[in-house]
Amino acid sequence: MKNQNEKLAELLAPKGLITRTRVAGGLVLAFFLVGSIYVLKSSNAEAEVTYVTETVHCDELSVTVSADGTLKPMRTVTIGSELSGIVREVTVDVNDAVKTGDVLIELDRKNLSAQVEQARATVKSAEAKFVQAKATLNESRLKLKRMQELNRLSKGVMPSRTELEAQEAKVEKDRADLIVAQTQITSAKATLLTAENDLEKASIKSPINGVVLARSVEPGYAVAASLQAVELLSLASDLRELELQVQVDEADIGVVKVGQTAYFTVSAYPDRQFPAVLKKVAFGAQTNENVVTYTTYLDVNNNDMLLRPGMTASATILTSAKDEALLVPNSAFRYSPRLKRERSMWDKMAAQGHGAKLFSKTAKETTYHGEQQKTLYVLRNGNPERITVLTGLTDGIHTEILSDELKPGDEVIIDQHRSGKSR
(Lines give C-alpha, C1' and ligand atoms only; values in the text may rest on other atoms or scores of the structure.)
Protein backbone atom coordinates (compact mmCIF):
# COMPACT_ATOMS: atom_id res chain seq x y z
CA MET A 1 0.00 0.00 0.00
CA LYS A 2 1.00 3.52 -0.68
CA ASN A 3 1.90 5.55 2.28
CA GLN A 4 0.59 9.00 3.00
CA ASN A 5 3.61 10.67 1.40
CA GLU A 6 3.05 8.85 -1.86
CA LYS A 7 -0.65 9.82 -1.90
CA LEU A 8 0.25 13.41 -1.29
CA ALA A 9 2.79 13.27 -4.12
CA GLU A 10 0.13 11.97 -6.51
CA LEU A 11 -2.25 14.76 -5.55
CA LEU A 12 0.45 17.33 -6.15
CA ALA A 13 1.30 15.87 -9.57
CA PRO A 14 0.69 18.19 -12.66
CA LYS A 15 -2.20 16.04 -14.05
CA GLY A 16 -4.33 16.45 -10.91
CA LEU A 17 -3.67 20.16 -10.87
CA ILE A 18 -5.05 20.64 -14.42
CA THR A 19 -8.24 18.66 -13.69
CA ARG A 20 -9.09 20.70 -10.61
CA THR A 21 -8.46 23.91 -12.49
CA ARG A 22 -10.98 22.98 -15.23
CA VAL A 23 -13.66 22.08 -12.69
CA ALA A 24 -13.22 25.37 -10.88
CA GLY A 25 -13.39 27.36 -14.15
CA GLY A 26 -16.64 25.62 -15.18
CA LEU A 27 -18.26 26.45 -11.85
CA VAL A 28 -17.34 30.11 -12.19
CA LEU A 29 -18.76 30.28 -15.75
CA ALA A 30 -22.02 28.64 -14.66
CA PHE A 31 -22.45 31.06 -11.79
CA PHE A 32 -21.82 33.99 -14.19
CA LEU A 33 -24.46 32.86 -16.73
CA VAL A 34 -27.10 32.26 -14.06
CA GLY A 35 -26.43 35.69 -12.58
CA SER A 36 -26.66 37.42 -15.98
CA ILE A 37 -29.98 35.79 -16.81
CA TYR A 38 -31.37 36.74 -13.40
CA VAL A 39 -30.27 40.36 -13.77
CA LEU A 40 -31.67 40.55 -17.34
CA LYS A 41 -35.06 39.11 -16.32
CA SER A 42 -35.24 41.29 -13.26
CA SER A 43 -34.53 44.40 -15.33
CA ASN A 44 -37.09 43.49 -18.02
CA ALA A 45 -39.71 42.58 -15.47
CA GLU A 46 -39.42 46.05 -14.05
CA ALA A 47 -39.82 47.73 -17.51
CA GLU A 48 -43.02 49.78 -17.62
CA VAL A 49 -45.32 50.47 -20.63
CA THR A 50 -46.60 54.02 -21.19
CA TYR A 51 -49.65 54.40 -23.45
CA VAL A 52 -50.17 57.37 -25.75
CA THR A 53 -53.87 58.24 -25.81
CA GLU A 54 -56.31 60.76 -27.21
CA THR A 55 -59.63 61.75 -25.70
CA VAL A 56 -62.91 60.85 -27.41
CA HIS A 57 -64.83 64.11 -27.95
CA CYS A 58 -67.81 65.62 -29.77
CA ASP A 59 -67.21 68.17 -32.52
CA GLU A 60 -68.18 69.21 -36.03
CA LEU A 61 -67.24 66.80 -38.83
CA SER A 62 -67.05 67.67 -42.50
CA VAL A 63 -66.31 65.20 -45.28
CA THR A 64 -65.00 66.70 -48.50
CA VAL A 65 -63.85 65.69 -51.98
CA SER A 66 -60.99 67.54 -53.67
CA ALA A 67 -60.67 68.04 -57.42
CA ASP A 68 -58.85 70.35 -59.84
CA GLY A 69 -60.30 72.09 -62.85
CA THR A 70 -60.63 75.25 -64.93
CA LEU A 71 -62.88 78.30 -64.82
CA LYS A 72 -64.92 78.87 -67.97
CA PRO A 73 -67.67 81.25 -69.11
CA MET A 74 -71.24 79.98 -68.94
CA ARG A 75 -71.43 80.33 -72.70
CA THR A 76 -68.76 80.88 -75.33
CA VAL A 77 -69.54 81.89 -78.92
CA THR A 78 -67.15 81.87 -81.85
CA ILE A 79 -67.92 84.58 -84.41
CA GLY A 80 -67.23 83.81 -88.07
CA SER A 81 -68.47 84.84 -91.48
CA GLU A 82 -70.78 83.03 -93.86
CA LEU A 83 -69.56 85.25 -96.71
CA SER A 84 -66.29 85.69 -98.50
CA GLY A 85 -64.96 89.20 -98.83
CA ILE A 86 -62.73 91.91 -97.48
CA VAL A 87 -63.11 93.17 -93.90
CA ARG A 88 -63.83 96.89 -94.04
CA GLU A 89 -64.12 97.69 -90.34
CA VAL A 90 -63.82 96.00 -86.92
CA THR A 91 -65.79 97.92 -84.31
CA VAL A 92 -64.74 96.06 -81.12
CA ASP A 93 -61.57 94.98 -79.35
CA VAL A 94 -60.63 92.50 -76.62
CA ASN A 95 -62.49 93.05 -73.29
CA ASP A 96 -65.14 95.26 -74.92
CA ALA A 97 -68.66 94.66 -73.62
CA VAL A 98 -71.22 93.93 -76.31
CA LYS A 99 -74.99 93.53 -76.48
CA THR A 100 -77.18 91.40 -78.69
CA GLY A 101 -77.45 93.02 -82.14
CA ASP A 102 -74.34 95.22 -81.87
CA VAL A 103 -72.34 95.38 -85.11
CA LEU A 104 -68.93 93.83 -84.58
CA ILE A 105 -67.45 93.56 -88.10
CA GLU A 106 -68.31 95.20 -91.43
CA LEU A 107 -67.43 93.50 -94.74
CA ASP A 108 -67.04 95.37 -98.01
CA ARG A 109 -70.54 95.88 -99.50
CA LYS A 110 -69.87 96.84 -103.14
CA ASN A 111 -70.27 93.41 -104.70
CA LEU A 112 -73.11 92.50 -102.40
CA SER A 113 -75.01 95.68 -103.21
CA ALA A 114 -74.54 95.00 -106.94
CA GLN A 115 -75.94 91.51 -106.52
CA VAL A 116 -79.00 92.95 -104.79
CA GLU A 117 -79.61 95.41 -107.64
CA GLN A 118 -79.20 92.64 -110.19
CA ALA A 119 -81.67 90.44 -108.31
CA ARG A 120 -84.20 93.28 -108.16
CA ALA A 121 -83.90 93.80 -111.92
CA THR A 122 -84.45 90.09 -112.49
CA VAL A 123 -87.64 90.26 -110.44
CA LYS A 124 -88.95 93.18 -112.49
CA SER A 125 -88.12 91.36 -115.73
CA ALA A 126 -89.93 88.25 -114.55
CA GLU A 127 -92.97 90.31 -113.58
CA ALA A 128 -93.04 91.93 -117.03
CA LYS A 129 -92.85 88.53 -118.74
CA PHE A 130 -95.72 87.40 -116.57
CA VAL A 131 -97.86 90.34 -117.72
CA GLN A 132 -96.93 89.61 -121.31
CA ALA A 133 -97.78 85.91 -120.94
CA LYS A 134 -101.09 86.80 -119.34
CA ALA A 135 -102.01 89.13 -122.22
CA THR A 136 -101.08 86.51 -124.80
CA LEU A 137 -103.26 83.96 -123.05
CA ASN A 138 -106.22 86.37 -123.00
CA GLU A 139 -105.78 87.08 -126.69
CA SER A 140 -105.70 83.37 -127.52
CA ARG A 141 -108.83 82.72 -125.50
CA LEU A 142 -110.79 85.54 -127.26
CA LYS A 143 -109.73 84.29 -130.69
CA LEU A 144 -110.79 80.75 -129.82
CA LYS A 145 -114.15 82.05 -128.59
CA ARG A 146 -114.81 83.94 -131.93
CA MET A 147 -113.85 80.90 -133.97
CA GLN A 148 -116.16 78.71 -131.94
CA GLU A 149 -119.08 81.21 -132.47
CA LEU A 150 -118.41 81.40 -136.20
CA ASN A 151 -118.33 77.63 -136.43
CA ARG A 152 -121.70 77.46 -134.70
CA LEU A 153 -123.30 80.03 -136.99
CA SER A 154 -121.94 78.33 -140.12
CA LYS A 155 -123.07 75.01 -138.82
CA GLY A 156 -119.57 73.62 -138.80
CA VAL A 157 -118.52 74.85 -142.20
CA MET A 158 -115.96 77.38 -141.09
CA PRO A 159 -113.56 77.53 -139.55
CA SER A 160 -112.58 73.97 -140.06
CA ARG A 161 -112.16 71.47 -137.28
CA THR A 162 -108.39 71.54 -137.78
CA GLU A 163 -108.24 75.29 -137.26
CA LEU A 164 -110.30 75.03 -134.10
CA GLU A 165 -108.02 72.36 -132.64
CA ALA A 166 -104.93 74.41 -133.51
CA GLN A 167 -106.37 77.43 -131.67
CA GLU A 168 -107.30 75.31 -128.66
CA ALA A 169 -103.68 74.02 -128.52
CA LYS A 170 -102.36 77.60 -128.63
CA VAL A 171 -104.55 78.53 -125.67
CA GLU A 172 -103.10 75.65 -123.66
CA LYS A 173 -99.57 76.67 -124.61
CA ASP A 174 -100.16 80.28 -123.58
CA ARG A 175 -101.60 79.08 -120.26
CA ALA A 176 -98.39 77.04 -119.66
CA ASP A 177 -96.27 80.09 -120.54
CA LEU A 178 -98.17 82.08 -117.92
CA ILE A 179 -97.40 79.44 -115.28
CA VAL A 180 -93.72 79.53 -116.25
CA ALA A 181 -93.70 83.32 -115.97
CA GLN A 182 -95.25 83.09 -112.52
CA THR A 183 -92.57 80.58 -111.45
CA GLN A 184 -89.83 82.87 -112.74
CA ILE A 185 -91.15 85.68 -110.57
CA THR A 186 -90.99 83.40 -107.49
CA SER A 187 -87.44 82.33 -108.33
CA ALA A 188 -86.31 85.91 -108.93
CA LYS A 189 -87.78 87.05 -105.62
CA ALA A 190 -85.98 84.22 -103.80
CA THR A 191 -82.70 85.29 -105.43
CA LEU A 192 -83.38 88.86 -104.36
CA LEU A 193 -84.06 87.74 -100.79
CA THR A 194 -80.78 85.80 -100.74
CA ALA A 195 -78.86 88.79 -102.03
CA GLU A 196 -80.47 91.06 -99.45
CA ASN A 197 -79.64 88.58 -96.68
CA ASP A 198 -76.04 88.45 -97.85
CA LEU A 199 -75.91 92.23 -97.83
CA GLU A 200 -77.26 92.23 -94.28
CA LYS A 201 -74.70 89.58 -93.23
CA ALA A 202 -71.96 91.95 -94.31
CA SER A 203 -72.63 93.51 -90.90
CA ILE A 204 -71.62 90.76 -88.45
CA LYS A 205 -73.58 91.25 -85.21
CA SER A 206 -73.30 89.92 -81.67
CA PRO A 207 -75.70 87.05 -80.86
CA ILE A 208 -75.33 87.45 -77.06
CA ASN A 209 -74.74 89.93 -74.29
CA GLY A 210 -71.18 89.48 -73.14
CA VAL A 211 -67.57 90.45 -73.62
CA VAL A 212 -64.95 89.98 -76.35
CA LEU A 213 -62.41 87.37 -75.28
CA ALA A 214 -60.27 87.20 -78.43
CA ARG A 215 -59.91 89.01 -81.76
CA SER A 216 -58.13 87.56 -84.78
CA VAL A 217 -59.20 89.94 -87.56
CA GLU A 218 -58.14 93.39 -88.77
CA PRO A 219 -59.44 95.73 -91.49
CA GLY A 220 -58.33 94.52 -94.91
CA TYR A 221 -58.45 90.88 -93.84
CA ALA A 222 -59.58 88.64 -96.71
CA VAL A 223 -62.25 86.20 -95.58
CA ALA A 224 -62.53 82.98 -97.63
CA ALA A 225 -65.57 81.37 -96.04
CA SER A 226 -65.94 78.80 -98.82
CA LEU A 227 -62.62 77.14 -97.89
CA GLN A 228 -62.93 76.81 -94.11
CA ALA A 229 -64.82 77.99 -91.08
CA VAL A 230 -63.10 81.25 -90.20
CA GLU A 231 -62.94 82.37 -86.56
CA LEU A 232 -62.88 86.15 -86.37
CA LEU A 233 -63.90 86.86 -82.76
CA SER A 234 -64.54 84.91 -79.59
CA LEU A 235 -67.29 86.11 -77.24
CA ALA A 236 -68.19 85.02 -73.74
CA SER A 237 -71.42 85.51 -71.87
CA ASP A 238 -71.54 87.82 -68.86
CA LEU A 239 -68.37 87.11 -66.86
CA ARG A 240 -70.13 87.91 -63.59
CA GLU A 241 -71.29 84.30 -63.74
CA LEU A 242 -68.68 81.63 -64.43
CA GLU A 243 -68.59 77.86 -64.52
CA LEU A 244 -65.94 75.75 -62.80
CA GLN A 245 -65.34 72.39 -64.47
CA VAL A 246 -63.41 69.93 -62.27
CA GLN A 247 -62.42 66.29 -62.73
CA VAL A 248 -63.69 64.11 -59.86
CA ASP A 249 -62.03 60.72 -59.33
CA GLU A 250 -64.21 57.64 -59.82
CA ALA A 251 -63.62 56.64 -56.19
CA ASP A 252 -65.35 59.84 -55.01
CA ILE A 253 -68.07 60.23 -57.62
CA GLY A 254 -70.59 58.20 -55.60
CA VAL A 255 -70.83 60.87 -52.88
CA VAL A 256 -70.90 63.91 -55.17
CA LYS A 257 -74.46 65.21 -55.67
CA VAL A 258 -76.17 68.15 -57.35
CA GLY A 259 -76.77 71.04 -54.94
CA GLN A 260 -73.73 70.45 -52.73
CA THR A 261 -71.72 73.50 -51.74
CA ALA A 262 -68.03 73.91 -52.43
CA TYR A 263 -65.18 76.38 -52.29
CA PHE A 264 -62.08 76.76 -54.43
CA THR A 265 -58.82 78.65 -54.63
CA VAL A 266 -56.82 80.02 -57.55
CA SER A 267 -53.14 80.87 -57.80
CA ALA A 268 -53.86 84.57 -58.25
CA TYR A 269 -55.52 84.75 -54.80
CA PRO A 270 -54.01 81.88 -52.76
CA ASP A 271 -55.35 83.19 -49.43
CA ARG A 272 -58.95 83.58 -50.56
CA GLN A 273 -61.65 80.93 -50.84
CA PHE A 274 -64.35 81.44 -53.46
CA PRO A 275 -67.79 79.80 -52.98
CA ALA A 276 -69.48 77.61 -55.59
CA VAL A 277 -72.51 75.34 -55.97
CA LEU A 278 -72.48 71.98 -57.74
CA LYS A 279 -75.03 71.97 -60.60
CA LYS A 280 -74.23 68.95 -62.79
CA VAL A 281 -72.20 65.72 -62.87
CA ALA A 282 -71.43 64.26 -66.29
CA PHE A 283 -72.22 60.59 -66.91
CA GLY A 284 -69.48 60.29 -69.52
CA ALA A 285 -66.08 59.28 -68.15
CA GLN A 286 -62.64 60.52 -69.12
CA THR A 287 -59.57 58.28 -68.87
CA ASN A 288 -56.06 59.68 -68.61
CA GLU A 289 -53.14 57.35 -67.83
CA ASN A 290 -55.57 54.71 -66.49
CA VAL A 291 -57.17 57.27 -64.15
CA VAL A 292 -60.94 57.54 -64.63
CA THR A 293 -62.58 60.87 -63.81
CA TYR A 294 -65.96 62.53 -64.34
CA THR A 295 -66.43 66.19 -65.27
CA THR A 296 -68.36 68.05 -62.58
CA TYR A 297 -69.81 71.52 -63.14
CA LEU A 298 -70.07 74.20 -60.44
CA ASP A 299 -71.73 77.63 -60.61
CA VAL A 300 -69.50 80.53 -59.56
CA ASN A 301 -70.58 84.07 -58.69
CA ASN A 302 -68.03 86.58 -60.02
CA ASN A 303 -69.68 89.91 -59.23
CA ASP A 304 -66.38 91.43 -58.10
CA MET A 305 -64.79 90.38 -61.45
CA LEU A 306 -61.66 89.00 -59.77
CA LEU A 307 -61.86 85.66 -61.57
CA ARG A 308 -61.06 85.18 -65.24
CA PRO A 309 -61.84 82.39 -67.71
CA GLY A 310 -59.02 79.87 -68.02
CA MET A 311 -57.81 80.10 -64.41
CA THR A 312 -56.83 76.78 -62.83
CA ALA A 313 -58.72 76.12 -59.60
CA SER A 314 -58.49 73.61 -56.77
CA ALA A 315 -61.98 72.86 -55.50
CA THR A 316 -63.19 71.26 -52.28
CA ILE A 317 -66.73 69.86 -52.39
CA LEU A 318 -68.56 69.40 -49.09
CA THR A 319 -70.27 66.00 -49.39
CA SER A 320 -71.39 65.44 -45.77
CA ALA A 321 -71.37 67.35 -42.51
CA LYS A 322 -72.52 66.95 -38.91
CA ASP A 323 -72.61 69.63 -36.25
CA GLU A 324 -72.18 67.21 -33.32
CA ALA A 325 -70.38 63.91 -33.90
CA LEU A 326 -68.55 61.59 -31.50
CA LEU A 327 -65.01 61.51 -32.88
CA VAL A 328 -61.90 59.37 -32.45
CA PRO A 329 -58.58 59.79 -34.27
CA ASN A 330 -58.00 57.44 -37.20
CA SER A 331 -54.65 56.44 -35.69
CA ALA A 332 -56.57 54.56 -32.97
CA PHE A 333 -57.68 52.00 -35.57
CA ARG A 334 -54.09 51.39 -36.65
CA TYR A 335 -52.81 50.66 -33.14
CA SER A 336 -52.22 47.07 -32.00
CA PRO A 337 -50.72 46.30 -28.54
CA ARG A 338 -47.26 44.84 -27.98
CA LEU A 339 -46.11 42.79 -24.94
CA LYS A 340 -45.70 44.82 -21.75
CA ARG A 341 -42.14 43.54 -21.24
CA GLU A 342 -39.35 42.63 -23.59
CA ARG A 343 -39.18 38.90 -23.94
CA SER A 344 -35.85 37.24 -23.18
CA MET A 345 -34.04 35.14 -25.71
CA TRP A 346 -35.65 32.03 -24.15
CA ASP A 347 -39.16 33.57 -24.29
CA LYS A 348 -38.72 34.52 -27.94
CA MET A 349 -37.58 31.00 -28.81
CA ALA A 350 -40.60 29.54 -27.02
CA ALA A 351 -43.01 32.00 -28.63
CA GLN A 352 -41.98 31.37 -32.22
CA GLY A 353 -44.93 30.17 -34.27
CA HIS A 354 -48.46 30.88 -33.01
CA GLY A 355 -47.46 33.15 -30.13
CA ALA A 356 -45.33 35.45 -32.26
CA LYS A 357 -48.32 36.20 -34.48
CA LEU A 358 -50.78 36.91 -31.71
CA PHE A 359 -50.11 40.64 -31.46
CA SER A 360 -49.25 41.33 -35.08
CA LYS A 361 -52.86 41.25 -36.34
CA THR A 362 -54.36 44.51 -37.54
CA ALA A 363 -57.82 45.80 -36.60
CA LYS A 364 -60.65 43.94 -38.29
CA GLU A 365 -62.74 45.92 -40.78
CA THR A 366 -65.97 44.71 -42.38
CA THR A 367 -68.51 46.63 -44.43
CA TYR A 368 -71.91 46.92 -42.78
CA HIS A 369 -74.71 48.70 -44.69
CA GLY A 370 -72.39 51.39 -45.96
CA GLU A 371 -70.81 51.79 -42.54
CA GLN A 372 -67.95 49.86 -40.98
CA GLN A 373 -67.22 47.81 -37.89
CA LYS A 374 -63.72 48.40 -36.56
CA THR A 375 -61.72 47.52 -33.48
CA LEU A 376 -59.67 49.79 -31.26
CA TYR A 377 -58.24 49.84 -27.72
CA VAL A 378 -59.45 51.95 -24.81
CA LEU A 379 -57.33 52.62 -21.72
CA ARG A 380 -59.40 51.61 -18.67
CA ASN A 381 -57.94 51.20 -15.18
CA GLY A 382 -54.47 51.49 -16.66
CA ASN A 383 -54.95 48.52 -18.99
CA PRO A 384 -55.87 48.39 -22.71
CA GLU A 385 -59.33 47.01 -23.46
CA ARG A 386 -60.22 45.94 -26.98
CA ILE A 387 -63.68 46.95 -28.24
CA THR A 388 -65.53 46.83 -31.56
CA VAL A 389 -67.35 49.99 -32.70
CA LEU A 390 -69.59 51.02 -35.62
CA THR A 391 -68.10 53.91 -37.54
CA GLY A 392 -69.68 56.48 -39.83
CA LEU A 393 -68.22 59.52 -41.59
CA THR A 394 -64.51 60.19 -41.72
CA ASP A 395 -62.50 63.17 -42.92
CA GLY A 396 -59.23 61.24 -43.04
CA ILE A 397 -58.13 62.48 -39.61
CA HIS A 398 -61.09 61.70 -37.35
CA THR A 399 -63.87 59.13 -37.64
CA GLU A 400 -67.43 59.32 -36.35
CA ILE A 401 -68.52 56.65 -33.84
CA LEU A 402 -72.16 55.54 -34.20
CA SER A 403 -72.35 52.81 -31.53
CA ASP A 404 -72.52 53.18 -27.73
CA GLU A 405 -69.28 51.44 -26.78
CA LEU A 406 -67.50 54.79 -26.45
CA LYS A 407 -68.44 57.92 -24.52
CA PRO A 408 -67.00 61.45 -24.53
CA GLY A 409 -63.94 61.52 -22.31
CA ASP A 410 -62.84 57.94 -22.97
CA GLU A 411 -59.13 57.57 -23.74
CA VAL A 412 -58.35 55.60 -26.91
CA ILE A 413 -54.81 54.28 -27.37
CA ILE A 414 -52.86 55.39 -30.43
CA ASP A 415 -49.34 54.20 -29.44
CA GLN A 416 -47.25 52.86 -26.57
CA HIS A 417 -43.73 53.41 -25.19
CA ARG A 418 -41.56 51.26 -22.93
CA SER A 419 -39.46 52.79 -20.11
CA GLY A 420 -37.03 51.29 -17.56
CA LYS A 421 -37.37 51.61 -13.72
CA SER A 422 -34.27 52.09 -11.59
CA ARG A 423 -33.88 50.06 -8.43
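Student: In the hairpin of β17 and β18, which residue takes a positive phi near 55 degrees?

Tutor: This is a predicted model, in which local features need pLDDT of at least 70 and side-chain atom pairs count only at pLDDT 80 or more, while totals for chains, interfaces and linings use all residues. Residues are numbered from 1 along each chain as its sequence is written, and side-chain values use heavy atoms, with hydrogens and water left out. Helices (H or I, at least four residues) and strands (E, at least two) are DSSP runs numbered from the N terminus. The hairpin has 2 residues between its strands, and the residue with the positive phi is Asn 381.

Student: Over how many bridges do strands β17 and β18 pair?

Tutor: Two strands pair if DSSP finds at least two bridges between them. Strand β17 covers residues 371–380 and strand β18 residues 383–394, and their antiparallel pairing runs over 9 bridges.

Student: In β9, which residue is the bridge partner of Gly 85?

Tutor: Strands of a sheet pair through backbone hydrogen bonds, either parallel or antiparallel. Here β4 and β9 pair in the antiparallel sense. The partner of Gly 85 in β9 is Val 223.

Student: How many helices and strands does the chain have?

Tutor: One of the helices is α3, residues 110–153, and another is α4, residues 161–201. The secondary structure comes to 7 helices and 20 strands.

Student: What share of the 423 residues is buried?

Tutor: Buried means under 20% relative accessible area, exposed means over 50%, and partly exposed lies in between (1.4 Å probe, protein chains only). By area, the chain exposes about 27500 Å², and carbon and sulfur atoms supply 53% of it. Such areas come from the Shrake-Rupley method with a 1.4 Å probe, and for residues only the protein chains shown count as cover. The buried share of the residues is 31%.

Student: Is Glu 400 buried or exposed?

Tutor: Glu 400 sits in strand β19 (residues 398–401). Not counting residues up to four places away in sequence, Glu 400 touches several residues, including Leu 61, Lys 322 and Leu 390, where contact means heavy atoms within 4.5 Å. Glu 400 and Asp 59 are 341 residues apart in sequence and 9.6 Å apart in space, C-alpha to C-alpha. Because its relative accessibility is 5%, Glu 400 counts as buried.

Student: Which side chain of opposite charge is nearest to Asp 198?

Tutor: Asp 198, in helix α4, touches Leu 83 and Leu 112, not counting residues up to four places away in sequence. For charge, Lys and Arg count as positive and Asp and Glu as negative, and His and the chain ends are not counted. A salt bridge is a side-chain nitrogen of Lys or Arg within 4 Å of a carboxyl oxygen of Asp or Glu. Asp 198 is buried without a salt bridge, and at 4.6 Å the nearest side chain of opposite charge is Lys 201.

Student: How many residues apart are Arg 120 and Glu 196?

Tutor: The side chains of Arg 120 and Glu 196 meet in a salt bridge of 3.6 Å, N to O. The pair links distant parts of the chain, with Arg 120 in helix α3 and Glu 196 in helix α4, and the separation is 76 residues.

Student: How far apart are the closest N and O atoms of Glu 149 and Arg 152?

Tutor: Both residues lie in helix α3, 3 residues apart, about one turn of the helix. Glu 149 is partly exposed at 36% relative accessibility, whereas Arg 152 is exposed at 53%. The closest N and O atoms of their salt bridge are apart by 2.3 Å.

Student: Which residues make the nonpolar surface patch of about 290 Å²?

Tutor: Patches are made of residues with over 30% relative accessible area and no salt bridge; like charges are joined within 9 Å and nonpolar side chains (Val, Leu, Ile, Met, Phe, Trp, Tyr) within 5 Å. Leu 150, in helix α3, is partly exposed because its relative accessible area is 39%. The patch is made by Leu 150, Val 157 and Met 158.
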